[in-house]
Amino acid sequence: MEFSAKQIAELIDGVVVGNPDVIVNNISKIEEGKPSTISFLSNPKYVPYIYTTEASVVIVNKSFVPDKEVPATMIQVEDAYYSVARLMQMYLDSKPRKTGIEQPSYISESATLGDFPYLGAFAYIGDNVKIGNNVSIYPNTYIGDNVTIGDNCILYAGVKIYHDCVIGNNCILHAGSVVGSDGFGFAPDKNNEYTKIPQVGNVVVEDNCELGANTALDRATMGSTILKKGVKLDNFVQIAHNAEIGENTVIAAMSGVAGSTTIGKNCMFGGHSGVVGHLKIADGVKLGAYTGVAGNIKQEGAAYRGTPAFDANAFARSWVNLRKLPDLAKEVRDLKQEIQKLKGE
Amino acid sequence: MEFSAKQIAELIDGVVVGNPDVIVNNISKIEEGKPSTISFLSNPKYVPYIYTTEASVVIVNKSFVPDKEVPATMIQVEDAYYSVARLMQMYLDSKPRKTGIEQPSYISESATLGDFPYLGAFAYIGDNVKIGNNVSIYPNTYIGDNVTIGDNCILYAGVKIYHDCVIGNNCILHAGSVVGSDGFGFAPDKNNEYTKIPQVGNVVVEDNCELGANTALDRATMGSTILKKGVKLDNFVQIAHNAEIGENTVIAAMSGVAGSTTIGKNCMFGGHSGVVGHLKIADGVKLGAYTGVAGNIKQEGAAYRGTPAFDANAFARSWVNLRKLPDLAKEVRDLKQEIQKLKGE
Amino acid sequence: MEFSAKQIAELIDGVVVGNPDVIVNNISKIEEGKPSTISFLSNPKYVPYIYTTEASVVIVNKSFVPDKEVPATMIQVEDAYYSVARLMQMYLDSKPRKTGIEQPSYISESATLGDFPYLGAFAYIGDNVKIGNNVSIYPNTYIGDNVTIGDNCILYAGVKIYHDCVIGNNCILHAGSVVGSDGFGFAPDKNNEYTKIPQVGNVVVEDNCELGANTALDRATMGSTILKKGVKLDNFVQIAHNAEIGENTVIAAMSGVAGSTTIGKNCMFGGHSGVVGHLKIADGVKLGAYTGVAGNIKQEGAAYRGTPAFDANAFARSWVNLRKLPDLAKEVRDLKQEIQKLKGE
């Protein structure tokens with residue numbers, strides 16, 4: 001597909017500075033810009049590239065004032081990053097979505113599919129499954145009995161959803177993600193052997209959630225493990241049985257929330273972070289990477305760091321001091337000697 | 001299904017207090033109890049709910065003495081939590097297990113299946129595979145050549161077992177778990193390139209083990225990587241080549257055991273924990289979350305914390321002091337000044 | 001298969017000490033050696049076993065001088081470990097590789113397979129896919145549209161490669177690994193809801209790379225996420241969008257590299273390590289287990305430890321002092337009292 005700078009400016013409410021008729025047919029990064037591509041400048045670190053890029057068009061923030069000549073045509077917008085996201089989405093939306101049912105696939109007679117499905121080969125749809133409209137289910141995916149899936153969802157290859165789980169509208173589940181595996185519950189007996197606690201609950205994923213590749217959400221012992229609306233999980237995130245993750249909370253890769261813990265809304269967790277079981281974390285809490293929370297956090301918007309975690313600023317100060325700890329220990333030894341001398345006088 | 005309080009009490013050797021004829025048809029959490037459901041009270045935190053729950057029946061510990069009227073019928077038992085686990089298991093066992101072989105599936109002519117198999121569509125059974133009785137193999141599962149699987153196992157969707165591995169009786173493998181991938185072994189040459197060390201061993205998983213979703217057990221370089229009887233692994237646990245995990249050891253999510261390390265029996269590892277290679281860890285050792293063990297642990301039942309790990313109580317004391325370290329550093333600066341003054345006198 | 005000590009010595013340029021005609025038919029570990037097996041001695045820890053092993057043949061380093069009688073026939077070589085790796089590889093290579101196309105599988109009419117393919121049942125090959133010669137694709141594997149795969153690759157069961165990604169020659173992708181899932185990019189709006197940033201780039205895996213079980217490589221927002229030649233990733237490694245991993249860098253299990261970070265060549269990262277986004281890490285950098293890097297590392301070959309990370313030796317000294325920190329705090333309290341006394345005099 002080809003667009004002129006002028007056409008693109010119209011799509012994103014931008015103002016053209018330079019040749020409005022220059023044609024682009026692809027997207028590029030500004031530092032690797034090639035002729036006939038469109039690029040963007042948002043992060044100030046990349047300003048120098050705008051004077052040398054070979055990209056034909058560059059989307060810039062309205063606030064950007066070049067201090068020498070820019071060879072490319074510029075399109076000025078309110079927020080270049082957001083405009084590019086919109087453009088890329090239009091580009092993706094312009095590609096025809098796969099539809100139809102590839103063979104062989106397995107669809108239980110009691111399952112119902114909505115309108116315009118894509119069902120890849122080797123996908124498995126169990127008994128009484130209900131799937132909404134415009135849902136894409138890639139190959140080698142497993143949907144267990146009695147699962148419900150809303151409209152406009154994408155399940156990439158190899159997703160596995162156990163029986164009785166519920167997925168809302170507009171959700172994206174990346175390849176290899178698992179929804180509804182048994183919670184990790186065992187009762188020890190006197191011989192130190194473990195009896196499995198049956199996990200008879202389910203998982204409910206509300207609207208607009210995204211699950212990264214190879215994530216795992218365990219089903220509840222009773223009731224539901226819940227992702228509220230708009231939760232975004234990166235790859236390898238583990239949500240344990242009966243946990244509840246609040247609206248629009250974002251959790252980076254390799255993080256875990258243990259059983260029966262409730263996380264507030266609008267939280268942001270860094271990579272490799274974790275929260276132990278049976279806790280309550282307030283709204284808007286921020287956890288740094290590798291932060292392990294071992295107690296309730298009641299203060300909204302608090303930032304934590306370390307394992308076990310405490311206030312992030314305090315942690316930063318403590319960590320700086322940890323680096324200097326060998327020096328401090330030496331100073332104390334020296335002081336001791338000085339005092340010995342003083343006492344000897 | 002419907003049961004009276006009296007019928008349930010008989011199943012779990014309990015004593016009815018209240019109306020023995022009240023009927024329940026589902027399970028609920030005490031804080032969310034609904035009429036015609038059965039609930040339980042085990043954790044003392046939840047005592048207040050027993051006076052308000054709408055559940056019709058509540059299983060309680062014999063030792064529980066209410067201090068006001070309880071609207072529900074109570075069933076008194078020795079251990080409410082354990083009784084509920086038994087009840088839920090009876091409930092699950094009462095549901096008919098899927099049996100039969102769905103099509104299309106792939107079964108090598110040289111493979112043997114035991115009695116009463118369930119084989120989901122798109123499951124793959126390689127050459128010379130031997131599978132015991134009452135084994136459930138969910139869709140999209142891969143069983144490589146020469147694999148042996150015992151009786152009463154459940155392999156959920158998308159499990160992958162490489163050639164030559166052995167799974168015992170009564171094992172549960174959750175969706176996406178991988179057994180028998182190559183150990184991570186490479187020999188560097190003078191050009192800093194790596195030659196792969198072939199991994200010709202296998203993995204042996206003994207009876208009564210459970211593997212969480214998306215776990216990975218690497219095959220041995222030679223010999224076997226071994227999970228002994230009753231090992232329970234949570235999601236995303238990694239067991240490296242030639243490691244051996246002792247009986248009834250329990251490992252929480254996102255933890256790893258590196259190559260050729262031997263873990264004792266009855267150990268408990270917290271989430272995100274890890275043990276480096278070629279070590280020996282005694283029986284009953286407890287690792288806190290995010291604990292990284294870098295040396296042998298010889299003391300049975302020892303508790304460790306931190307990375308690199310040391311005694312858990314000592315770590316707790318050190319960590320409290322780390323939080324106060326900026327203050328300590330200031331105190332030392334102040335002392336220095338005082339001594340300067342004293343010396344100046 | 002059976003070989004004499006003499007035949008094996010010829011294969012690995014070794015010198016036989018003892019009976020050259022003794023026959024072996026399997027490999028064993030020296031501490032578990034059985035008659036008619038070949039074993040090796042490389043790690044000095046295992047020297048005592050050479051005097052007692054029942055293995056018929058032991059490969060040893062030329063430099064090894066026994067101080068008593070060795071019952072087994074020895075084969076002396078330059079580097080026993082490397083020779084064993086070669087032997088095991090010869091053993092694996094001697095087994096016939098599976099070839100052919102199992103049914104049912106799904107191959108798009110526009111896809112091209114090279115010579116001598118193995119395609120397992122339930123494997124999916126999308127539109128315009130190009131696959132080189134001698135490639136093994138195990139069952140239940142998904143290859144999305146427009147993917148290119150070089151020669152001599154092995155894709156184990158359940159590998160998922162999203163559209164447009166590129167895999168070089170001689171690569172091994174272990175079961176459950178995911179290549180090309182969306183990068184984790186969202187733009188927050190004023191309601192704290194997130195707009196997805198479309199991820200229109202791809203992943204390029206160059207020659208001779210190995211991906212562990214259940215790894216995940218996210219596609220670039222634009223451009224490519226790149227593994228350069230010879231990169232080896234252990235299980236559960238996460239490489240985020242637009243990251244680039246340098247040649248022959250080796251990353252142990254459960255580690256992650258965040259978005260747009262560039263890692264140099266010949267680096268070695270321990271397990272559970274991580275690097276935050278938009279950083280540059282020099283060649284040859286070594287990260288200990290659980291190391292979380294939060295800033296650029298410019299010094300080639302530097303070793304880091306801790307989270308946030310600093311110099312590994314300094315970290316080791318600080319950590320030793322952390323263990324003794326409660327004592328140090330007490331010393332400071334004591335010094336304070338002594339000074340009080342001195343001031344009182």
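**Contacts and salt bridges**

Author: In this predicted model, 65 residues of chain C are in contact (heavy atoms within 4.5 Å) with 65 residues of chain B. Local features need pLDDT of at least 70 and side-chain atom pairs count only at pLDDT 80 or more, while totals for chains, interfaces and linings use all residues. Residues are numbered from 1 along each chain as its sequence is written, chains are lettered from A in the order in which they are written, and side-chain values use heavy atoms, with hydrogens and water left out.

Reader: What area is buried between chain C and chain B?

Author: About 5300 Å² is buried there, and carbon and sulfur atoms give 69% of it. Buried area is the accessible area (1.4 Å probe) that two parts lose on being put together, summed over both. Phe122(C), Tyr290(C) and Trp319(C) supply 11% of the area that chain C buries against chain B, more than any other three residues.

Reader: And how many salt bridges are found across that interface?

Author: The rule finds four across the interface of chain C and chain B, a salt bridge being a side-chain nitrogen of Lys or Arg within 4 Å of a carboxyl oxygen of Asp or Glu. Lys196(B) forms a salt bridge with Glu210(C), with the closest N and O atoms 2.9 Å apart.

Reader: Which residue of chain A does Asp145(C) pair with?

Author: Asp145(C) forms a salt bridge with Lys98(A), the closest N and O atoms being 3.2 Å apart. This pair crosses between chains.

Reader: Is Asp145(C) buried or exposed?

Author: Asp145(C) counts as buried because its relative accessibility is 16%; buried means under 20% relative accessible area, exposed over 50%, and partly exposed in between (1.4 Å probe, protein chains only). Lys98(A), at 26%, counts as partly exposed.

Reader: Changing topic, what does Glu78(A) form a salt bridge with?

Author: Its partner is Lys62(A), and the closest N and O atoms are 3.0 Å apart.

Reader: Where is the partner of Glu206(A)?

Author: Glu206(A) forms a salt bridge with Lys228(A), at 3.8 Å between the closest N and O atoms. The pair ties together parts that are 22 residues apart in sequence. Glu206(A) is partly exposed, with a relative accessible area of 21%, and Lys228(A) is partly exposed at 25%.

Definitions and conventions. Helix = DSSP H or I, 4+ residues; strand = E, 2+ residues; numbered from the N terminus.
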